[in-house]
Amino acid sequence: MTPLVNPTRFYTWNWASKEYSLSNLHENVIQSNRKSMEKNTLVAILFYLLLASNLLTAHPGIGIVMDSQGTVYYTDLTHVWKISPDGSHTIAVNDVHTHQLYLDQEDNLYGEHVWYEGEATDIWGHYIWRLNHDGELEHTIPPTEGFPLNNTLVRDHDNNEYWPKKSGEHEILKKKSSHGNIASATNHRFQDIRWICVAKNGKDLYVIDHLSLKKVISDGKVVTILDTLKESVAPFASVGDHHYLMGAWTDAEENVYVAVFGAGKIKKITPEGKVETVLEITGSWSPVGGLVAADGSLWVLEFSERNEARVRKISPDGKVQTFQG
């Protein structure tokens with residue numbers, strides 16, 4: 001099926017939430033120096049490189065999942081990669097710009113593909129795809145103009161779908177049942193829903209709401225687990241509050257893990273509320289998502305300041321394996 005609009009152009013984001021495009025900044029530099037281009041070429045180039053390297057990057061993805069056979073899938077925003085139990089590392093789905101991934105109970109893998117046509121038309125486009133467990137790739141939502149408000153990639157074990165919706169100065173959490181009925185999942189008013197994680201029990205939800213972590217119980221009650229996970233100093237200085245916290249996941253003991261992207265850490269919160277740092281990354285990499293395997297291994301999806309992606313498997317004995325496309 002032919003995409004509605006060009007799927008190879010991606011919108012770029014400022015981690016400080018300025019949402020300028022790289023092309024606009026480049027154009028502004030050129031226009032401002034047009035009358036004295038020869039004299040100021042070097043200045044313009046240096047200014048362009050400084051802005052590009054320090055302010056702008058593609059919004060990282062959080063998608064990393066493991067199927068029932070122990071195969072791991074993750075996104076690098078260009079492809080979806082597959083790490084087999086034997087350690088082989090291959091592309092599972094080519095040329096898809098997806099931030100999230102979802103696995104259903106039959107090990108079918110779902111993702112999105114989102115693109116921006118450019119300011120000339122200002123058109124977004126998207127489709128939702130499914131890689132069936134037998135290897136067949138198909139669209140569950142065909143190429144469609146517009147940004148996917150509900151990309152169907154957050155589902156509980158009853159196949160209910162969840163997504164945020166703006167309501168005045170707040171956001172509400174919407175729910176679509178497996179029968180197609182749409183309602184609010186709770187009466188709670190959220191500040192800025194960033195990511196949603198389904199608990200191991202398949203019913204409760206963990207919500208990254210701006211800088212806080214909240215739990216939405218299946219009856220609609222909302223409990224604030226932590227008011228803020230922000231550190232006093234951010235190693236990634238260009239990361240604003242909007243992207244400071246990224247993916248969340250749980251383990252078999254219902255501990256909750258949060259990728260604190262802006263601080264280069266993974267925080268673990270026990271059911272009793274104890275908070276500890278289980279991983280701290282220095283340098284140009286920072287965690288955005290993860291999972292805990294049945295054997296206790298921690299799989300971490302990381303993005304760099306240059307928007308590169310890698311996955312690290314940290315075994316219970318401390319052994320580390322790195323996978324990068």
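A residue is called buried when its relative accessible area is under 20%, exposed when that area is over 50%, and partly exposed in between, for a 1.4 Å probe and protein chains only. The legends below describe a predicted model, in which local features need pLDDT of at least 70 and side-chain atom pairs count only at pLDDT 80 or more, while totals for chains, interfaces and linings use all residues. Residues are numbered from 1 along each chain as its sequence is written, and side-chain values use heavy atoms, with hydrogens and water left out.

**Figure 1. His 113 in strand S8.** His 113 belongs to strand S8 (residues 109-116); strands (E, at least two residues) and helices (H or I, at least four) are DSSP runs, numbered from the N terminus. Because its relative accessible area is 0%, His 113 counts as buried. The His 113 side chain reaches the backbone nitrogen of His 97 at 2.8 Å. A polar contact is a pair of N or O atoms within 3.5 Å; within protein, one must be able to donate a hydrogen and the other to accept it, and residues adjacent in sequence count only if both atoms are side-chain atoms. For the chain as a whole, two helices and 25 strands are assigned, and 51% of its 325 residues are buried.

**Figure 2. The aromatic cluster of Tyr 116, Trp 124 and Phe 147.** These three residues form one aromatic cluster. The whole structure holds six aromatic pairs. Rings of Phe, Tyr and Trp (its six-membered ring) pair if their centres lie within 6.5 Å, and planes under 30 degrees apart count as stacked, over 60 as edge-to-face and the rest as tilted. Trp 124 is partly exposed, at 22% relative accessibility, and Phe 147 is also partly exposed, at 45%.

Figure 3. Thr 228 is in the loop between strand S17 (222-226) and strand S18 (248-250), and with 46% relative accessibility it is partly exposed. Apart from neighbours within four places in sequence, Thr 228 is in contact (heavy atoms within 4.5 Å) with Leu 211 and Ser 212. The side chain of Thr 228 also reaches the backbone nitrogen of Lys 230, at 3.1 Å. Lys 230 in turn lies over the face of Tyr 244, 5.8 Å from the ring centre. A charge sits over a ring if NZ of Lys or CZ of Arg is within 6 Å of the ring centre and within 35 degrees of the ring normal.

**Figure 4. The largest pocket.** About 1,200 Å³ of space lies in this pocket. Its lining comprises 42 residues, and Ile 64, Val 65, Met 66, Val 198 and Lys 200 lie nearest its centre. S22 contributes the most to the lining, with five residues. On a 1 Å grid over the protein atoms alone, a pocket is an open set of points where a 1.4 Å probe fits, with protein on both sides within 12 Å along at least five of seven lines; lining residues have an atom within 4 Å of a point. Grid points are joined across faces, edges and corners, and a volume is the space filled by probe spheres set on the points.
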